[in-house]
Amino acid sequence: MSTVSSPQEQSLASVVIVDYGLGNLRSATRGLERAGADVEITDDPAAFAAAD
């Protein structure tokens with residue numbers, strides 16, 4: 001599974017969305033990005049551990 005990240009700008013938070021194969025991840029990502037978060041969608045357990 002690939003990882004999707006938002007463009008690097010001044011972000012208020014760093015958020016990792018867990019891709020478990022279901023759900024509308026793109027909609028959740030857009031909402032978080034509009035709120036100022038740096039968003040990453042991944043299924044990599046190492047990214048989960050590094051998340052805030």
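How exposed is arginine 26, given as a relative accessible area? Arginine 26 is partly exposed, with a relative accessible area of 41%, where buried means under 20% relative accessible area, exposed over 50%, and partly exposed in between, with a 1.4 Å probe and protein chains only. The legends below describe a predicted model, in which local features need pLDDT of at least 70 and side-chain atom pairs count only at pLDDT 80 or more, while totals for chains, interfaces and linings use all residues. Residues are numbered from 1 along each chain as its sequence is written, and side-chain values use heavy atoms, with hydrogens and water left out.

**View 1. The whole chain and its elements.** The chain has two helices and three strands, and from the N terminus on these elements run β-β-α-β-α. Helices (H or I, at least four residues) and strands (E, at least two) are DSSP runs, numbered from the N terminus. Of the 52 residues in the chain, 21% are buried. The chain exposes about 3,700 Å², and carbon and sulfur atoms supply 52% of this area; accessible areas come from the Shrake-Rupley method with a 1.4 Å probe, and for residues only the protein chains shown count as cover. Among the contacts with a separation of 6 or more, 59% are between residues 24 or more positions apart, a contact being heavy atoms within 4.5 Å.

**View 2. Strands β2 and β3 side by side.** Strands β2 and β3 pair in the parallel sense over six bridges, and two strands are said to pair if DSSP finds at least two bridges between them. Within this pairing, valine 15 stands opposite valine 39 in β3. Five of the six residues of β3 are buried, so this strand is largely enclosed by the rest of the structure.

**View 3. The largest nonpolar core.** In soluble globular proteins, nonpolar side chains tend to be buried together. Here the largest nonpolar core has five residues, namely Ile17, Leu25, Ala37, Val39 and Ile41. Strand β3 (residues 37-42) gives the largest share of this core, with three residues. A nonpolar core is a set of buried Ala, Val, Leu, Ile, Met, Phe, Trp, Tyr and Cys residues joined through side-chain atoms within 4.5 Å.

**View 4. Isoleucine 17 and its surroundings.** Isoleucine 17 lies in strand β2 and is buried, with a relative accessible area of 11%. If its neighbours within four places in sequence are left aside, isoleucine 17 is in contact with Leu25, Ala28, Thr29, Leu32, Val39, Glu40, Ile41 and Thr42. One of these residues, alanine 28, is found in helix α1 and counts as partly exposed at 35% relative accessibility. The C-alpha atoms of alanine 28 and isoleucine 17 are separated by 8.5 Å, although the two residues are 11 residues apart along the chain.

View 5. Leucine 12 lies in the loop between β1 (4-5) and β2 and is exposed, with a relative accessible area of 75%. The place of glycine 36 is in the loop between α1 and β3, and this glycine counts as partly exposed at 21% relative accessibility. Leucine 12 and glycine 36 are 24 residues apart along the chain, yet their C-alpha atoms are separated by 5.4 Å. Apart from its neighbours within four places in sequence, leucine 12 is in contact with Ala35 and Gly36. Glycine 36 also lies 7.0 Å from alanine 13, C-alpha to C-alpha, with the two residues 23 apart in sequence.

**View 6. A salt bridge between arginine 26 and glutamate 33.** Side chains of opposite charge can pair when their charged atoms come close. The side chains of arginine 26 and glutamate 33 meet in a salt bridge at 3.9 Å, N to O, where a salt bridge is a side-chain nitrogen of Lys or Arg within 4 Å of a carboxyl oxygen of Asp or Glu. By this rule, the count comes to one salt bridge. Glutamate 33 is partly exposed, with a relative accessible area of 26%.

View 7. Val18, Tyr20, Leu22 and Phe48 make a nonpolar surface patch of about 410 Å². Patches are made of residues with over 30% relative accessible area and no salt bridge, with like charges joined within 9 Å and nonpolar side chains (Val, Leu, Ile, Met, Phe, Trp, Tyr) within 5 Å. Tyrosine 20 is found in the loop between β2 (13-18) and α1 (25-34), and at 60% relative accessibility this tyrosine counts as exposed.
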